[in-house]
Every structure is written in C-alpha cells, then in structure tokens.
Amino acid sequence: MALVTMFVNGQAMSGGTLNDALHKARLVGKVDTAPKYRFFSVRDEFPGLHPVPTDGFVVPGELYEVEYDVLRDELLPREPKELELGVIELADGSGSLSMRMRENYLSAAGVTDISDRGGWLTYLASPR
C-alpha cells in the first residue's frame with residue numbers, strides 16, 4: 001500500500017463537496033504552499049492553483065495521505081477539466097501532489113484571480 005501526499009485547496013477540503021472522495025485518506029493537517037502560485041476562482045465553482053516565476057502568493061489548504069487507487073478511482077474522475085494533477089511546493093520546502101489550473105484556461109471567461117483573498121474558503125465567505 002503506497003501512500004502519497006495530496007494538497008487540496010478547494011472543494012476537496014473538509015466540508016467541501018468533493019471531500020467524500022478522500023474518505024479513505026488520512027488528513028495530515030492544514031498547510032500552506034510556498035509563495036510561488038497564483039490562485040483563481042473558476043466561475044465561483046472551484047479554485048485553481050497555478051505556478052508563477054514571480055509575484056506568487058501563499059495558498060492555504062489541507063494535506064492528506066492517500067493511496068494511489070483512491071486518487072485514480074475516487075478523486076481524479078470528479079475533478080473539472082480545467083484542472084490537472086501536478087506537483088507543488090509546500091511552505092516547508094517539501095513537495096506534494098495537487099490539482100493545478102491548466103494554463104490554457106487561465107484567460108477563459110469566468111476565471112478571476114483571487115490570489116490576495118486568503119484562500120478558497122475565505123473568498124467564498126467574503127462579499128464579491
């Protein structure tokens with residue numbers, strides 16, 4: 001049973017609509033990314049994390065230990081087409097799997113940069 005870490009920052013976080021896909025995973029805890037990302041809202045339905053060479057932000061989220069089959073069979077099939085699986089850097093310098101925004105969707109209609117809004121849950125709770 002091989003475990004990997006999966007950083008989530010949107011609907012797969014505790015209480016989100018995709019969190020049930022991680023019911024077999026172990027929540028390690030709340031963590032932040034390194035300040036190397038921009039963070040986007042896609043139609044206010046889900047967020048997207050995208051790496052940038054400069055002017056990046058820290059993005060808060062949760063880290064899970066998860067088996068590959070859970071990713072393959074339960075989480076990834078439910079992720080939107082605008083996201084892809086990749087590797088990100090966490091604040092402590094370690095790496096983790098995470099869903100990332102596909103570059104070709106960054107300028108699509110309904111995509112808003114929310115990098116300075118304090119994360120997905122803070123953004124959803126704030127007036128728009």
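## Salt bridges across the chain

Glu-65 and Arg-26 join their side chains in a salt bridge, with N to O at 3.1 Å. That pair brings together distant parts of the chain: Glu-65 sits in strand β5 and Arg-26 in strand β2 (residues 26–32), 39 residues apart. Keep in mind that this is a predicted model. Glu-65 is partly exposed, at 26% relative accessible area, and Arg-26 is partly exposed too, at 46%.

Next up is Asp-113 with Arg-38, a salt bridge whose closest N and O atoms are 2.9 Å apart. Asp-113 belongs to strand β8 (residues 111–113) and Arg-38 to strand β3, so this one ties together parts 75 residues apart in sequence. The count comes to 9 salt bridges, and Arg-43, Glu-45 and Glu-82 are linked in a network of them.

Strands β6 (residues 83–89) and β7 (residues 95–101) run antiparallel, joined by 7 bridges. Gly-86 stands opposite Ser-98 of β7.

Glu-84 is in β6 while Arg-102 is in the loop between β7 and β8, so the pair ties together parts 18 residues apart in sequence.

## The nonpolar core

The largest nonpolar core has 33 residues, and those with the most contacts inside it include Met-6, Leu-22, Val-66 and Leu-71. Among the elements that each supply at least two of its residues are β1 (3–8), β5 (60–67), α1 (68–75) and α2 (120–125).

Take Val-66: leaving aside neighbours within four places in sequence, its contacts include Ala-2, Val-4, Met-6, Leu-22 and Leu-71.

Technical notes:
Residues numbered from 1 in each chain as written. Predicted model: local features only at pLDDT ≥ 70, side-chain atom pairs only at ≥ 80, totals over all residues. Heavy atoms only, no water. Pairing = 2+ DSSP bridges. Helix = DSSP H or I, 4+ residues; strand = E, 2+ residues; numbered from the N terminus. Core = buried A, V, L, I, M, F, W, Y, C linked by side-chain atoms within 4.5 Å. Buried < 20%, exposed > 50% of the residue type's maximum accessible area, 1.4 Å probe, protein only. Contact = heavy atoms within 4.5 Å. Salt bridge = Lys/Arg side-chain N within 4 Å of Asp/Glu carboxyl O.
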